[in-house]
Amino acid sequence: MLIELFTDYVVHRKCLREYVEVRKTINARGEFNDAKLILAQDHLDKLKVENPEIYEKMYEVLGEIIKKDAGHKVEYPLDFIRAILHMYKNHKTPESIYEEYKSILEHEFQTLN
């Protein structure tokens, strides 16, 4: 149930801060701790304001990955958040993260680690 809820929040661009609060009522652990999810939401908010084109492209790639459905459905929202967490870290630009994330489309069954 938790992964379905997480997927809904990620795919439909819902606030991950709200997801953190909802998850607390479920009493289940997810892949990311609260602090990482809040950081991911901060990065998404920053990206949406500072680079809306990359923000939209990231979600377009996520949509393509879901549509392609290479068999690792659970990993799709997790990979998306992993990519978002790498933005603004170690001098990585949103553009470079987007290019890395987009490369998943070229590799069937590949996920980010």
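## Contacts of Ile84

Two residues are in contact when heavy atoms of each lie within 4.5 Å. In this predicted model, Ile84 touches Ala40, His43, Leu44, Leu47 and Met58, leaving aside residues up to four places away in sequence.

## The nonpolar core

Ile84 is among the residues with the most contacts inside the largest nonpolar core, together with Phe6, Met58, Phe80, Ile81 and Tyr101. This core has 32 residues. At least two of its residues come from each of H1, H2, H3, H4, H5 and H6. In soluble globular proteins, nonpolar side chains tend to be buried together.

## Helix H3

Helix H3 covers residues 34-50. With 17 residues at 1.5 Å a residue, H3 should span 24 Å, and the 24 Å between its end C-alpha atoms agrees with this. At the start of H3, a side-chain oxygen of Asn33 comes to within 3.1 Å of the backbone nitrogen of Ala35.

Which residues of H3 are buried? They are Leu37, Ala40, Gln41, His43, Leu44 and Leu47. Seen down the helix axis, the buried residues fall within an arc of 160 degrees, so they line one face of H3. The buried residues pack against helices H1 (2-11), H2 (16-26), H4 (52-68), H5 (75-86) and H6 (94-102). Ala35, Val49 and Glu50, on the other side of H3, are exposed.

Asn51 lies in the loop between H3 and H4. Is Asn51 buried or exposed? Its relative accessibility is 16%, so Asn51 counts as buried, the cut-off being under 20%. Asn51 touches Lys46, Pro94 and Glu95, again leaving aside residues up to four places away in sequence.

Methods
Residues are numbered from 1 along each chain as its sequence is written. This is a predicted model: local features need pLDDT of at least 70, side-chain atom pairs count only at pLDDT 80 or more; totals for chains, interfaces and linings use all residues. Side-chain values use heavy atoms; hydrogens and water are left out. Helices (H or I, at least four residues) and strands (E, at least two) are DSSP runs, numbered from the N terminus. The expected span of a helix is 1.5 Å times one less than its number of residues. Buried means under 20% relative accessible area, exposed over 50%, partly exposed in between (1.4 Å probe, protein chains only). The arc is that of the directions from the helix axis to the C-beta atoms. A polar contact is a pair of N or O atoms within 3.5 Å; within protein, one must be able to donate a hydrogen and the other to accept it, and residues adjacent in sequence count only if both atoms are side-chain atoms. A nonpolar core is a set of buried Ala, Val, Leu, Ile, Met, Phe, Trp, Tyr and Cys residues joined through side-chain atoms within 4.5 Å.
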